Amino acid sequence: MGFRSLALGCGGYLPERILTNADLAKSLDTSDEWIVQRTGIRQRHVAADGEFTSDLGTHAARRALAAAGVNPEEVDLIVVATSTPDQTFPATAAKIQANLGVTHGAAFDVQAVCTGFVYALAVADNFIRAGQSKTALVIGAETFSRILDWKDRGTCVLFGDGAGALVLRAVPSNGSAAERGVLSTHLHTDGSHHDLLYVDGGPSSTGTTGHLRMEGKEVFRHAVQRLAEVVDEALTANSLTGAQIDWLVPHQANRRIIEAMGKKLGLSNDKVVLTIDRHANTSAASVPLALAEAASDGRIRPGQLVLLEAMGGGLTWGAALLRW
Ligand code: UT7
């Protein structure tokens with residue numbers, strides 16, 4: 001008898017300030033029409049001055065713990081996916097742990113850009129499967145507004161700030177796919193494409209924070225191909241077909257990519273959780289934010305099959321299959 005990670009509850013948090021496409025068009029050579037047509041984005045949330053990634057992550061974590069009915073004291077593992085940490089170190093996870101008033105267990109960050117939450121989920125799931133953790137908090141939290149070049153219309157219109165969190169609990173498992181919990185996770189990296197989506201700064205190179213740079217068309221091309229592959233991999237590993245999936249909760253980078261994945265799986269649009277119109281691309285926060293929305297409004301119900309997928313800088317990509 002081994003262990004499996006049961007999803008107990010999730011929560012999301014978005015900063016108060018909303019920036020619409022029309023707001024951006026006031027200072028940038030862009031239009032609501034272009035942004036909506038090419039991406040599906042209508043608005044994004046932006047963190048306030050003095051509001052940090054750890055603050056967003058803490059709000060999301062508190063909501064997830066409340067939804068799960070779990071006391072922060074029970075958490076023995078915090079894994080935070082972020083590419084926009086408060087500081088170079090300590091880990092943003094350590095600050096979130098402190099905000100929650102916890103002083104025991106392990107807390108650390110993982111960095112796989114937009115695939116970060118799927119990576120963090122895989123790490124936490126493997127800790128639980130190995131018997132090393134009983135109650136894990138998996139968080140995706142980002143303030144991409146701080147690393148955008150607000151003069152580059154090719155990138156700054158695409159991203160937003162936010163955080164999402166998921167509480168996992170170790171439960172006994174006999175390995176059957178009929179059980180509730182994380183069924184499998186699938187992670188990939190091809191570092192030869194590290195220069196397609198990157199930040200042109202960092203502590204060891206320029207000594208500055210730098211700005212996000214992206215070859216959008218190339219990343220798009222890789223995303224469609226790699227996401228299709230990893231979704232197949234997740235289905236095959238569990239002897240499932242696309243039609244058996246109840247919910248696709250994809251990374252929210254581009255509505256056209258999301259629709260291509262829904263179509264590939266043979267899912268109708270109402271089985272695909274879409275937040276990109278309101279959240280834009282919140283990198284590692286996008287999947288848990290979408291998950292939190294669809295779980296809290298009652299769309300995702302216990303026993304249903306939920307497929308998560310994401311693709312990001314690295315290039316990294318991955319998928320996770322859960323029975324809610
Ligand atoms: O989250 C990590 C993964 N990231 C992704 O998956 C992002 C993948 N890439 C994409 O979503 C798309 O490539 C973008 C949305 C970034 C761009 O869409 P595109 O259809 O690939 O457009 P493009 O970059 O080829 O640009 C087309 C035109 C260009 O003008 P010309 O050269 O045709 O005259 C751009 O200069 O659109 C222009 N353009 C804009 N126009 C108005 C680029 N950005 C804008 C803008 N407003 N914001």
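**The ligand site**

Of the 23 residues around the ligand, those that come nearest are Thr30, Arg38, Arg153, Asn254 and Asn281. A residue is near a molecule if one of its heavy atoms lies within 4 Å of it. This is a predicted model: local features need pLDDT of at least 70, side-chain atom pairs count only at pLDDT 80 or more, and totals for chains, interfaces and linings use all residues. Residues are numbered from 1 along each chain as its sequence is written, and side-chain values use heavy atoms, with hydrogens and water left out.

Me: How far is a polar side-chain atom of Asn281 from an oxygen atom of the ligand?
Reply: Asn254 places a polar side-chain atom 2.7 Å from a ligand oxygen atom. Asn281 also uses a polar side-chain atom towards a ligand oxygen atom, and the distance is 2.7 Å.

Me: How much of the ligand's exposed area does the protein bury?
Reply: Accessible areas come from the Shrake-Rupley method with a 1.4 Å probe. Taken alone, the ligand exposes 960 Å². The share buried by the protein is 74%.

Me: Which helix gives the largest share of the shell around the ligand?
Reply: Helices are DSSP runs (H or I, at least four residues), numbered from the N terminus. Helix 2 (32–39), helix 6 (153–156), helix 7 (216–237) and helix 8 (255–265) each give two or more residues to the shell. The largest share, 4 residues, comes from helix 7.

Me: Where is Pro90, which a cis peptide bond joins to Phe89?
Reply: The bond between Phe89 and Pro90 has an omega of about 5°. Strands are DSSP runs too (E, at least two residues). Pro90 is in the loop between strand 4 (77–81) and helix 4 (92–99).

Methods. A polar contact is a pair of N or O atoms within 3.5 Å; within protein, one must be able to donate a hydrogen and the other to accept it, and residues adjacent in sequence count only if both atoms are side-chain atoms.
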